[in-house]
Amino acid sequence: MTGKAATHLATALVLLLTASTSIAGELITHTITAEHGRLSPAVLTVPAGQRIKLVLRNGGQSPIEFENLRLRVEKVLAPGASSFVVLNPLRPGEYQFIDEFHPDTGRLVLTAH
């Protein structure tokens, strides 16, 4: 490999790493807390067309199962545990999430617009 080719390869790698870092830096993050059979916030508005990170915290005394089958999200958390899910860019609309262990009260409506 010539010096010129090596320089071009190094430049391409730097540009690729920089692009990956900037994309990761733009990840919008929201925290969802489960406690006493409820999800908080119960309503969340996010921009459509962008990846979203949902940080999940179980502040309750029993396990939770945070899910949305349409988006293929399913996360089980023990009491006191935390985790996260990253949602791919969403189309405008409403997305219902539930705590499967508390389906009557553990609900979150996420609206993308």
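Here are some notes on the predicted model above, point by point.

1. **Ground rules.** This is a predicted model, with local features needing pLDDT of at least 70 and side-chain atom pairs counting only at pLDDT 80 or more, while totals for chains, interfaces and linings use all residues. Residues are numbered from 1 along each chain as its sequence is written, and side-chain values use heavy atoms, leaving out hydrogens and water.

2. **Confidence.** The score to watch is pLDDT, the predictor's confidence in each residue, from 0 to 100. The protein chain averages 86, and 78% of the residues score at least 70. The stretch to be careful with is residues 8-23, where pLDDT stays under 50. For those residues the model has two contacts beyond four places in sequence, a contact being heavy atoms within 4.5 Å. Where pLDDT is low, the predicted coordinates should not be read in detail.

3. **Overall layout.** The protein chain has one helix and nine strands, and from the N terminus on they run α-β-β-β-β-β-β-β-β-β. Both kinds of element are DSSP runs numbered from the N terminus: helices are H or I with at least four residues, strands are E with at least two. Of the contacts in the protein chain with a separation of 6 or more, 58% are between residues 24 or more positions apart.

4. Strands 1 and 2 run antiparallel and are joined by three bridges, with Glu35 opposite Arg38 in strand 2.

5. Strand 8 pairs with strand 9 in the antiparallel sense over six bridges, and Glu94 stands opposite Thr111 in strand 9. Strand 5 runs antiparallel to strand 6, with five bridges between them; Val73 in strand 6 is the bridge partner of Asn68. Strand 5 also pairs with strand 8, antiparallel over two bridges, where Phe66 faces Asp99.

6. **The nonpolar core.** Which residues have the most contacts inside the largest nonpolar core? They are Ile32, Leu54, Phe66, Leu87, Phe97 and Leu110, in a core of 20 residues. Such a core is a set of buried Ala, Val, Leu, Ile, Met, Phe, Trp, Tyr and Cys residues joined through side-chain atoms within 4.5 Å. Strands supplying at least two residues each include strand 1 (28-35), strand 4 (52-58) and strand 9 (107-112). Leaving aside neighbours within four places in sequence, the contacts of Phe97 include Phe66, Leu87 and Leu110.

7. **Asp99, buried or exposed?** Asp99, in strand 8, is buried, with a relative accessible area of 2%. The cut-offs are under 20% relative accessible area for buried, over 50% for exposed and partly exposed in between, with a 1.4 Å probe and protein chains only. The side chain of Asp99 makes a polar contact of 2.6 Å with the side chain of His102 and reaches the backbone nitrogen of Phe101 at 3.0 Å. A polar contact is a pair of N or O atoms within 3.5 Å; within protein, one must be able to donate a hydrogen and the other to accept it, and residues adjacent in sequence count only if both atoms are side-chain atoms. Not counting residues up to four places away in sequence, Asp99 touches Leu39, Ile64, Glu65 and Gly106.

Terms used:
Two strands pair if DSSP finds at least two bridges between them.
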